[in-house]
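Subject: Structure for your files

Hello,

Please find the structure below.

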Amino acid sequence: MSKYYYLVTGLPELTLEDNRLRYSVADFKKEFYPELSKGDQKLVDLFYLKFDNENVLSLLKNREAVIDERGNFSADSILAIIRQIQEEGKILTPNVLPPYLNQFITSYMLDSTFAEGKVMVVDRLAAMYYAHAMKCGNDFLSSWFEFNLHVNNILVALTARKFKMEVEPLIVGDTEVCQALRSSNARDFGLSSEVDYLEQVVKISEITDLVEREKKIDQLRWKWMEDKTFFEYFSLERLYVFLLQSDIIERWLTLDKEKGSQMFRSIIAALKDEVKVPVEY
């Protein structure tokens with residue numbers, strides 16, 4: 001793994017309470033990305049794939065949609081794959097997009113049952129994205145994506161239990177933790193000894209203010225990545241943490257409390273439509 005002494009030494013220290021953005025995720029790609037080895041660039045691409053996921057969903061719904069330029073792939077590249085499936089019934093250039101995106105687009109367009117059921121299409125794509133990223137071969141990044149998958153699933157499972165909904169169809173992913181969340185009736189899903197942050201997530205789930213709850217989740221993420229890279233000094237992992245933290249700060253600086261509340265309530269409204277969450281939520 002390459003060492004990046006000059007790059008890391010010049011990084012500003014970030015905190016979750018920062019009220020100004022030192023580097024945006026777009027700035028990172030312009031300034032730091034070209035300095036990375038080819039192998040490390042591929043690992044950083046995993047972060048930016050989340051924008052490609054959104055772009056794919058947008059273009060599948062509207063071929064004229066304006067995409068987020070922070071993604072790895074242009075609109076033309078994504079639309080070329082969509083056209084191949086539409087016209088040929090298969091992908092002729094399979095190496096343009098990652099395999100999971102090829103699979104998702106193909107299923108979305110050709111499988112009439114793909115969007116049916118209780119699992120939303122966006123969640124199906126998220127599960128495929130996590131599975132892809134967790135196989136990247138880098139221990140920190142694999143753990144990071146697994147951590148986020150599990151935190152999101154635990155929160156979903158706790159919400160489902162609270163409103164006496166069926167948990168199993170709402171969980172995405174195929175890890176042992178995911179399977180336990182689907183099948184266990186124990187208070188802790190039988191995971192207390194397996195997931196050391198379980199109790200923290202349980203406490204977060206009890207916060208009624210949606211914006212405050214999201215803030216606590218980001219605090220948990222922040223501490224997790226700091227703990228995991230405490231002894232990493234000049235590595236890609238340290239740069240990756242800087243990118244992740246910049247992303248968190250950037251997201252919060254674009255939201256005030258009122259806008260944030262509206263955003264999260266719109267998410268809940270969409271969830272109600274899909275899975276019939278009780279109205280009092």
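To begin with a charged pair, Asp218 and Arg221 form a salt bridge through their side chains, at 2.8 Å from N to O. A salt bridge here is a side-chain nitrogen of Lys or Arg within 4 Å of a carboxyl oxygen of Asp or Glu. Note that this is a predicted model, in which local features need pLDDT of at least 70 and side-chain atom pairs count only at pLDDT 80 or more, while totals for chains, interfaces and linings use all residues. Residues are numbered from 1 along each chain as its sequence is written, and side-chain values use heavy atoms, with hydrogens and water left out.

Both Asp218 and Arg221 belong to helix H10, three residues apart, which is about one turn of the helix. Helices (H or I, at least four residues) and strands (E, at least two) are DSSP runs, numbered from the N terminus. An α-helix has 3.6 residues a turn, so residues three or four places apart point the same way.

Asp218 counts as buried because its relative accessibility is 0%. Buried means under 20% relative accessible area, exposed over 50%, and partly exposed in between (1.4 Å probe, protein chains only). Arg221 is also buried, at 12%. Arg221 has a salt bridge to Glu214 as well, at 4.0 Å from N to O, and Glu214 is buried at 17% relative accessibility.

Another salt bridge joins Arg238 and Glu226, at 3.8 Å from N to O. Arg238 is in helix H11 and Glu226 in helix H10, so this pair ties together parts that are twelve residues apart in sequence. Arg238 is buried at 17%, whereas Glu226 is partly exposed at 26%. Salt bridges with shared partners also link Glu214, Asp218, Arg221 and Arg251 into one network. The whole structure has nine salt bridges.

On the overall fold, the chain has twelve helices and zero strands. Of its 281 residues, 49% are buried. Among contacts with a separation of 6 or more, 61% are between residues 24 or more positions apart, where contact means heavy atoms within 4.5 Å.

The largest nonpolar core contains 91 residues, and Val44, Phe104, Ile105, Leu239 and Tyr240 have the most contacts inside it. Helix H7 (residues 139-162) contributes the most to this core, with twelve residues. Such a core is a set of buried Ala, Val, Leu, Ile, Met, Phe, Trp, Tyr and Cys residues joined through side-chain atoms within 4.5 Å. Leaving out residues up to four places away in sequence, Val44 touches Phe28, Tyr33, Leu36, Leu236, Tyr240 and Leu243.

Helix H6 (residues 121-133) has buried residues that include Val121, Leu125, Met128 and Tyr130. Their cover includes helix H3 (38-61), helix H5 (99-110) and H7.

Finally, the surface. Phe230, Phe231 and Tyr233 make a nonpolar surface patch of about 420 Å². Patches consist of residues with over 30% relative accessible area and no salt bridge, with like charges joined within 9 Å and nonpolar side chains (Val, Leu, Ile, Met, Phe, Trp, Tyr) within 5 Å. Tyr233 sits in the loop between helix H10 (210-228) and helix H11 (236-253).

Regards

How values were computed. Areas by Shrake-Rupley, 256 points an atom, 1.4 Å probe, with all protein chains shown as cover.
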